[in-house]
Amino acid sequence: ILNLNFMIRRFRMSLEEGLRNKINVKRKNLIMEKKNLLEIVGNVEKEDLIEIICFLVNKNPKLERNLLEYCQKNSIFENKTFITEQRLLQGWENSKKLIDELDETVFYYEYEISPTEDNLFSQLEEIMEIINQNEISWETREKILLEVLNYIFSEHSEYYDCCNLEEWFMNLVETLCQTKEEKRYLGDCIIENGVSGYSKWIASIYREIGEDEKYLEIRKANLNTTEQYWELLQYYEEKNKKDLALETALKGLEKGIGGIEEIFGYLFKFYSKEHNDKILEELYDKSMKKNRNYAKFEITELMYSYYKKNNNYEKMKNLLLHLVEFAQYDNLMDLYKKCQNELSKEDFELHEQQIINIIKNKDVSIYLKICLVKNNKKEVLDYLQKNPYIDRKHYFSEKIASEYPKEILEIYWKEAQNFANMGQRHNYDYCVSVLSSIKKIMDNNNWKDEWKIKFETFFEKNKKKRLLVERMKARFK
């Protein structure tokens with residue numbers, strides 16, 4: 001197969017180097033010693049030695065991989081490419097066997113990778129590593145490429161989607177095609193197969209290699225989502241075709257399916273420079289009809305900043321109120337403060353309750369924090385009495401305990417008993433922490449005798465809960 005004289009010399013040298021290690025071959029209960037093996041190999045002609053190697057490899061296919069790795073490491077220059085390509089082809093054959101093994105067992109692992117998947121992904125990674133680190137002939141790469149494309153375009157099973165195999169295949173395909181000509185060949189192959197659903201992939205290939213006409217033909221024929229319009233818009237920007245970019249953005253805003261934050265941002269930047277308020281308002285109205293709240297917030301924030309910068313108070317005010325309406329949970333308090341600071345005193349008083357109601361419906365904890373800021377502690381108490389679960393860490397109750405100690409103690413005693421009733425160590429731990437909070441409040445109010453009576457009553461009621469009793473004794477006895 002190889003430069004045999006050289007390989008035989010290397011093989012014999014390897015055997016001689018192994019004198020420090022035992023080579024045990026079990027056959028008929030005898031252990032073949034190194035000297036016996038050397039005696040056998042030393043008298044074999046090279047043709048017979050090759051036959052022996054082929055026999056061993058056919059008996060155990062795993063040996064082929066070891067042999068190729070050994071040969072690649074120790075081969076002379078003219079054999080290296082051949083050996084590397086043999087390793088690559090063998091790796092792909094192993095991958096195909098693993099692909100055939102993918103079956104419904106994939107679903108048994110749910111959030112874990114099955115052993116078959118793990119082996120397959122490792123094999124595919126090794127294949128891509130071989131390609132990236134060595135010069136592989138196009139003939140070999142094309143052979144693998146066509147087989148991979150066949151997997152991609154075939155009516156494959158749902159197991160492919162389950163383990164994200166198609167993405168692995170696409171990464172392998174892009175690794176196989178390295179030159180501009182090879183990538184053009186790939187794009188043409190995909191088109192010739194007439195498979196729908198890969199327009200984005202094809203377009204990106206032609207765009208990468210500078211095939212502008214083919215890119216535009218494919219992209220314009222497949223404009224459905226705002227993401228596709230945005231991609232075409234960016235292409236025109238790169239080519240400095242501003243009019244076509246603007247035209248694409250306007251069409252994408254009107255016809256595109258999906259989020260339009262990027263497209264609106266592009267149009268906003270263009271028309272805000274011209275101070276064209278009329279078109280900005282029209283674009284904003286169209287956007288509000290298409291997007292979910294998180295996108296509406298981003299778009300409204302742009303408009304709000306624009307009118308604030310241009311000192312248009314009335315429009316800024318209306319947009320600020322819309323920001324509260326569209327806001328996510330993490331910026332509600334900041335928006336409340338912004339309304340407080342940027343609205344006139346009369347407008348804030350007029351709209352404050354509306355703002356607070358919106359915040360309360362979105363995030364009760366922010367609402368309660370606002371109540372504390374406004375020193376409306378009675379409102380906080382009323383809410384906690386009806387919804388004690390909201391205050392698991394006692395953030396709000398501790399803020400008002402000094403003014404409403406008896407009411408908070410009543411909430412805490414009920415909470416302690418609830419967790420005592422639930423059983424289990426972690427619930428008992430939390431129960432004892434609540435008792436500690438109770439004791440602290442009663443000590444602060446010099447109600448030590450009452451604490452002793454109530455605690456003894458609580459202890460007696462729960463004395464059969466051994467683990468809880470141990471914890472209470474350790475803390476309070």
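This is a predicted model: local features need pLDDT of at least 70, side-chain atom pairs count only at pLDDT 80 or more; totals for chains, interfaces and linings use all residues.
Residues are numbered from 1 along each chain as its sequence is written, and side-chain values use heavy atoms, without hydrogens and water. Local features need pLDDT of at least 70 and side-chain atom pairs pLDDT 80 or more, while totals for chains, interfaces and linings use all residues.

**Exercise 1.** Classify the ring pair of Phe-270 and Tyr-271.

*Solution.* A pair of aromatic rings is described by the distance of the centres and the angle of the planes. Rings of Phe, Tyr and Trp (its six-membered ring) pair if their centres lie within 6.5 Å; planes under 30 degrees apart are stacked, over 60 edge-to-face, the rest tilted. The structure holds 21 such pairs. In Phe-270 and Tyr-271 the centres are 4.9 Å apart and the planes stand at 85°, so this pair is edge-to-face.

**Exercise 2.** Decide how enclosed helix H22 is.

*Solution.* Helices are DSSP runs (H or I, at least four residues), numbered from the N terminus; H22 covers residues 364–373. Next, apply the burial cut-off, under 20% relative accessible area (1.4 Å probe, protein chains only). Buried residues include Val-364, Tyr-367 and Leu-372. With 7 of its 10 residues buried, H22 is therefore largely enclosed by the rest of the structure.

Conventions:
Buried means under 20% relative accessible area, exposed over 50%, partly exposed in between (1.4 Å probe, protein chains only). Helices (H or I, at least four residues) and strands (E, at least two) are DSSP runs, numbered from the N terminus.
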